[in-house]
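Dear colleague,

I am handing over the structure below, and my notes on it follow. Please read them with the coordinates open beside you.

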Amino acid sequence: MTQSIIGIPACTKFIAGYVQHATPARYGASLIAASNAIPILIPPEGEQMRGLLDRLDGIMFNGSPSNVAPLRYGADFDATPDAHDPERDATTIPLILAALDRGIPVLCICRGMQELNVALGGTLFQEVHLQPGRMDHRSGEGEHRFAVKHEVTLSGELARISGAETIQVNSLHGQAIDQLAAGLVVEGTAPDGTIEAVRVEGAKNFAIAVQWHPEWEVTHFPDRKRLFNAFGDACAAYRQSRDSV
Ligand SMILES: N[C@@H](CCC(=O)NCCCC(=O)O)C(=O)O
């Protein structure tokens, strides 16, 4: 069966004395394993990357240790000034809006979910663990980094896709959605009330975002596999509808 081409935004990294464009290998590997797709990295080269949209069947807005710059959502303070990637922000935020406008399937993960919320006008907690009553959602070290950390209660389309109303998730984030953007519906919540999953209401196509990392051991967890299968199916259907025009 023909595979879909799914874009993954790369991050700006300074490695071995050079500016490089990179992302952890598992994002591409998970699309190959569970979405019948060929991944392709999107360099963080700003708005001109929208030109790729004619060639893509879907985009996975992936996670990153970097944080969306607070000026993007109107915050007047910056809790993590050394953790930004302005080139990535300048690429992903316009790309999200353009992909939604064209009805290209999108799956957003971790930073990707935060980008989706900011792109649509929402705001972020810059250090969610400092908010009263909130848990520490940051990861453990070493082999425990991707260990299951807490439960998420699912609803709506994501519960249907996942085949469950309660799942166990890993957690590797210091930031989280504060004010939900208009146009997003919450479909997953942590025990402390943190928003863990959203869907774009009335989207032209698959448009789901999660705060955890379903790409990790994607084929070992039924809910993760089902999410990637559903995204892959949406990308394949989009490709076929485009090819038939
Ligand atoms: N930096 C943001 C987003 C967190 C995130 O995307 N984590 C992924 C870690 C890197 C990886 O993909 O391995 C935050 O802290 O909220």
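A question to begin with: does Tyr73 count as buried, partly exposed or exposed, and why? Tyr73 counts as partly exposed because it has 19 C-beta neighbours inside 10 Å; on this scale a residue is buried if 20 or more other C-beta atoms lie within 10 Å of its own, exposed if 12 or fewer, and partly exposed in between, with C-beta atoms placed from the backbone.

Two remarks on provenance come before the rest. This is a predicted model, in which local features need pLDDT of at least 70 and side-chain atom pairs count only at pLDDT 80 or more, while totals for chains, interfaces and linings use all residues. Residues are numbered from 1 along each chain as its sequence is written.

Overall picture

The protein chain has five helices and 13 strands, where helices (H or I, at least four residues) and strands (E, at least two) are DSSP runs numbered from the N terminus. Its C-alpha trace spans about 55 × 45 × 35 Å along the principal axes. With 245 residues, a compact globule would have a radius of gyration near 18 Å, and the 17 Å of the protein chain agrees with that; the radius is taken over C-alpha atoms, and the globule rule is 2.2 Å times the number of residues to the power 0.38. Of the 245 residues, 45% count as buried. Among contacts between residues at least 6 apart in sequence, 70% join residues at least 24 apart, two residues being in contact if their C-beta atoms, placed from the backbone, lie within 7 Å.

Nine strands form an open sheet with mixed pairing, in the order 4-1-5-6-13-12-11-8-9; two strands pair if DSSP finds at least two bridges between them. Strand 4 (37-42) and strand 9 (166-169) are the edge strands, each of them pairing on one side only. On average, neighbouring strands of this sheet are turned by 25° against each other, direction ignored.

Strand 1 is mostly covered, with five of its six residues buried. It runs parallel to strand 4, to which six bridges join it, and it also runs parallel to strand 5, to which it is joined by two bridges. Ile59 in turn stands opposite Val106 in strand 6, and strand 5 and strand 6 pair in the parallel sense over three bridges. From strand 5, Gly58 and Met60 point one way and Ile59 and Phe61 the other way, and all are buried. Further along the sheet, strand 12 (residues 195-200) and strand 13 (residues 207-210) pair in the antiparallel sense over three bridges, with Val210 in strand 13 as the bridge partner of Ala197.

Helix 1 (residues 25-34) lies across strand 1 (4-9), strand 4 and strand 5 (58-61), and runs at about 155° to strand 4; axes are lines fitted to C-alpha atoms, for helices over the stretch in contact, and angles run from 0 to 180 degrees between N-to-C directions. Helix 3 (residues 111-119) is mostly covered, nine of its nine residues being buried, and just after this helix Gly121 takes a positive phi of about 105°.

Tyr73 lies in the loop between strand 5 and helix 2 (86-102). Not counting residues up to four places away in sequence, Tyr73 touches Val118, Gly122, Thr123 and Leu124; Tyr73 and Thr123 are 50 residues apart in sequence and 5.4 Å apart in space, C-alpha to C-alpha. Ile93 is found in helix 2 and is buried, with 20 other C-beta atoms within 10 Å. With the same exclusion of residues up to four places away, Ile93 touches Arg72, Glu115, Val118 and Ala119.

The ligand

The residues around the ligand are Pro24, Gly63, Ser64, Pro65, Ser66, Asn67, Cys110, Arg111, Leu172, His173, Gly174 and Gln175, where a residue is near a molecule if its C-beta atom, placed from the backbone, lies within 6 Å of it. This shell divides into four nonpolar, seven polar and one charged; Ala, Val, Leu, Ile, Met, Phe, Trp, Tyr, Cys and Pro count as nonpolar, Asp, Glu, Lys and Arg as charged, and the others, Gly among them, as polar. Arg111 is also among the buried residues of helix 3.

With best wishes
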